[in-house]
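Hi,

Here's the structure I said I'd pass along. Have a look at it first, and then read on for what turned up when I went through it.

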Amino acid sequence: MSSLIHPVILCGGGGTRLWPRSRQQAPKPFLRLLGERTLFQQTLDRVSDRSVFAAPIVVAGVAHIPLIVEQAAGQDIAIIAEPMGKNTAPAIALAAHRMPAGEVMLVCPSDHYIGDTAAFVGAAQSARQLALDGRLVSFGITPNAPETGYGYIKRGVSLPEGYEIERFVEKPDLETAQQFLAEGGYSWNGGIFAFASDRYLSELAQHRPDMAAKVQAAVSDGASDGITFTPEEASFATIDGDSIDYAVMEATTSAAVVPVSMGWSDIGNWQALRDAREGQSSGPHELVDCVDVMVLSDGPRVSAVGLEDVIIVVDGDEVLVTSGAGAQKVGKLTGASGR
């Protein structure tokens with residue numbers, strides 16, 4: 001067993017709530033939304049210190065493999081090409097099968113923003129120690145607002161590098177979220193995890209034996225070209241997909257959390273992106289007497305007067321206008337769904 005942490009970067013989801021900038025052929029992870037590097041490239045950058053991290057495994061749909069190869073630009077990565085999306089629990093199991101037993105995996109979404117890389121690396125090292133002790137670890141994001149769009153983690157008994165998880169909490173209403181913030185001891189569930197590869201597979205086999213068996217069959221009958229591994233499609237297609245949260249983390253008795261404040265955002269919608277960009281617009285625009293208005297245009301000049309809490313996005317032949325409160329519903333638009 002090596003001392004390195006093995007990053008597993010998940011490139012699933014369509015990013016429909018960031019339509020029209022995010023589309024099926026080029027979804028959220030592969031866009032330059034914050035800076036000159038895409039969110040996927042920034043994720044690679046965070047795990048680039050080879051004294052701490054092994055070369056990453058990237059799990060993605062077949063359609064996005066060319067984007068991954070292009071944006072990784074010759075970096076040392078391994079790729080797992082999912083025949084179809086089955087949510088995070090099977091995707092992580094594929095990666096666990098493709099590394100030696102006992103190695104510590106660090107599961108990272110490819111479409112999140114993290115402003116403080118040093119804090120991220122420190123949390124990863126703490127999580128590794130807990131994982132070596134048999135724990136399944138969640139990163140607990142320190143909340144700075146009573147956010148209703150995230151699940152929460154309540155901390156329990158203190159551990160040397162973190163805490164036991166007392167319970168997971170579904171997305172709360174505003175009053176409950178305000179109570180969590182005032183009470184303390186709660187973190188946002190940021191969707192970043194660490195555990196030993198064999199421990200994850202044993203927990204999956206215990207709590208979702210059918211899923212575990214079908215993933216193992218898909219791996220056993222899969223094929224590799226040296227860089228990209230493709231699971232056998234027939235077995236993988238029969239998997240009843242689910243998230244790691246429901247399939248494993250909420251079922252295990254060994255869950256732990258490492259609280260961390262690292263300038264994190266899941267960039268889950270246009271309002272979240274506006275917050276992360278601190279309202280900064282881009283592209284040709286003019287704003288007069290506007291408050292909390294962000295414009296992103298890749299072509300036509302956008303002019304606005306006397307508006308408040310509005311986000312305007314121009315992408316090719318599509319225009320989106322939404323309030324911050326309405327941003328959660330963008331994914332329900334006809335254009336976003338590809339219809």
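Bear in mind that this is a predicted model. I'll begin with the helix pairs.

**Helix pairs**

The crossing of α3 and α6 is left-handed. Helix α3 covers residues 88–97 and helix α6 covers residues 197–207; their axes come within 9 Å and cross at roughly 135°.

How much of α1 is covered? Mostly: 7 of its 8 residues are buried. Those are Leu39, Phe40, Gln41, Gln42, Thr43, Leu44 and Arg46. They pack against quite a list of elements, namely β1 (5–11), β2 (57–61), α2, β4 (104–109), β5 (113–114) and α4.

Across in α2, Gln71 is worth a click. Its relative accessible area is 8%, so Gln71 is buried. Leaving out residues up to four places away in sequence, Gln71 touches Pro29, Phe30, Thr38, Phe40 and Gln41.

In soluble globular proteins, nonpolar side chains tend to be buried together. Here, the largest nonpolar core has 45 residues, and the members that touch the most others are Phe53, Ile68, Leu106, Phe120, Phe139 and Met262. Helix α4 (residues 117–132) gives the most to this core, 6 residues. There is also a second, separate core of 38 residues, with Ala93, Leu136, Val219 and Ile239 among them.

Not counting residues up to four places away in sequence, Met262 touches Ile114, Gly115, Asp116, Ala119, Phe120, Phe139, Ile141 and Ile192.

Thr322 is found in strand β18 (residues 318–323). Is Thr322 buried or exposed? The relative accessible area is 10%, so Thr322 is buried. Beyond four places in sequence, the contacts of Thr322 are Asp309, Val310, Ile311 and Ala327. With Ala327 there is a polar pair to look at: a polar atom of the Thr322 side chain lies 3.5 Å from the backbone nitrogen of Ala327. For a sense of distance, Thr322 and Val293 are 29 residues apart in sequence and 10 Å apart in space, C-alpha to C-alpha.

Val288 sits in strand β14 (residues 285–288). Its relative accessibility is 33%, so Val288 counts as partly exposed. Apart from neighbours within four places in sequence, Val288 is in contact with Ala304, Val305 and Gly306. Pro143 is 145 residues from Val288 along the chain, and their C-alpha atoms are separated by 33 Å.

Which peptide bond is cis? It is the one from Trp19 to Pro20, with omega near 5°. Pro20 is in the loop between β1 and α1.

Then there are a couple of positive phi values outside glycine. Ala73 has phi near 50° and is found in the loop between α2 and β3 (78–82). At 61% relative accessibility, Ala73 counts as exposed. Asp289 has a phi of about 55°, also positive although Asp289 is not a glycine. Asp289 is in the loop between β14 and β15 (291–297), and with 65% relative accessibility it counts as exposed.

That's what I have for now.

Cheers

Technical notes:
Residues numbered from 1 in each chain as written. Predicted model: local features only at pLDDT ≥ 70, side-chain atom pairs only at ≥ 80, totals over all residues. Heavy atoms only, no water. Core = buried A, V, L, I, M, F, W, Y, C linked by side-chain atoms within 4.5 Å. Buried < 20%, exposed > 50% of the residue type's maximum accessible area, 1.4 Å probe, protein only. Helix = DSSP H or I, 4+ residues; strand = E, 2+ residues; numbered from the N terminus. Contact = heavy atoms within 4.5 Å. Polar contact = N/O pair within 3.5 Å; in protein donor to acceptor, adjacent residues only side chain to side chain. Axes fitted to C-alpha atoms, helices over the stretch in contact; angles between N-to-C directions. Left-handed = near helix turned anticlockwise from the far one by under 90°.
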